[in-house]
Amino acid sequence: MRLFEATHVFRHDWDTVSLASWRKYPNDKTPHVRHVEVLNQEVDPETGVLRTERLIMVKQNVPTLLKKLFGGDMSYVLEFSEVDPRKKSMVLQSQNMTFSNVLSVGEYILYQPDPDNRAHTQFVQSAQLKASSALCRFANKVEDMCWNRFKDNAHIGKLGLEQVVSTILAERQALLMTQNVE
């Protein structure tokens, strides 16, 4: 089993970063994410907490032999999220559905105001990658390869989120300019 952990501070407020998280896909930085489908969404009327369940379709870059063995290169990830606007907390938990009998990948993400600067947003990410024991001596190699890919994708994902934040800030600026003209 391999663990991945990362922490990052976005130099933007929580409202902007959490909005950007919802708008992250599609994004030219993460072309492997092909589609996101909202399966269920509800707001708790007493707490204001938004709970969402999404299915994410991902095109994997896998060798031809594995495509033939497993029937393709598309995989599905189930994501559960909880956004608490009062606490300014956004938690996402995801688990791969495809190939999970070969490799299980569980991810946890938290967005919250940075404790050192409340005008910024702290991003905490952790993932657990576990190859099936059926892979015998190859399990460690599979976990290592997937951990490296996960690490690369995590970095690219942060760049993609920054790109979406820039788009949101530009839209806000354009809206303010339009309102000032009127």
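Reader: How many bridges join strand β2 to strand β3?
Author: Strand β2 covers residues 33-43 and strand β3 covers residues 50-59, and the two run antiparallel. Strands (E, at least two residues) and helices (H or I, at least four) are DSSP runs, numbered from the N terminus. Two strands pair if DSSP finds at least two bridges between them. Between β2 and β3 the number is nine.

Reader: What kind of model is this?
Author: Residues are numbered from 1 along each chain as its sequence is written, and side-chain values use heavy atoms, with hydrogens and water left out. Local features need pLDDT of at least 70, side-chain atom pairs count only at pLDDT 80 or more, and totals for chains, interfaces and linings use all residues; the model is predicted.

Reader: Which residue in the turn between β2 and β3 has a positive phi?
Author: Val43 has Leu50 in β3 as its bridge partner. Six residues lie between the two strands of this hairpin. The residue with a positive phi, about 80°, is Gly48.

Reader: Which strands stand at the edges of the sheet?
Author: Seven strands form an open sheet with antiparallel pairing, in the order β1-β7-β6-β5-β4-β3-β2. An edge strand has a single partner, so one side of it is left without a neighbour in the sheet. That describes β1 and β2.

Reader: Which strand does β3 meet through ten bridges?
Author: This partner covers residues 74-84 and runs antiparallel to β3. Lys59 stands opposite its Met74. The strand is β4.

Reader: What angle does helix α3 make with β1?
Author: Helix α3 (residues 139-181) packs on the sheet and touches β1, β6 and β7, where contact means heavy atoms within 4.5 Å. Axes are lines fitted to C-alpha atoms, for helices over the stretch in contact, and angles run from 0 to 180 degrees between N-to-C directions. For α3 and β1 the angle is about 10°.

Reader: Are Arg54 and Glu79 buried or exposed?
Author: Buried means under 20% relative accessible area, exposed over 50%, and partly exposed in between (1.4 Å probe, protein chains only). The side chains of Arg54 and Glu79 meet in a salt bridge with 2.7 Å from N to O, such a bridge being a side-chain nitrogen of Lys or Arg within 4 Å of a carboxyl oxygen of Asp or Glu. Arg54 has a relative accessible area of 6% and Glu79 has 8%. Arg54 counts as buried, and Glu79 also counts as buried.

Reader: How many residues apart in sequence are the parts tied together by Asp144 and Arg2?
Author: The side chains of Asp144 and Arg2 form a salt bridge, 2.5 Å from N to O. Asp144 is partly exposed at 33%, and Arg2 is partly exposed at 25%. Asp144 lies in helix α3 and Arg2 in strand β1, so the pair ties together parts whose separation in residues is 142.
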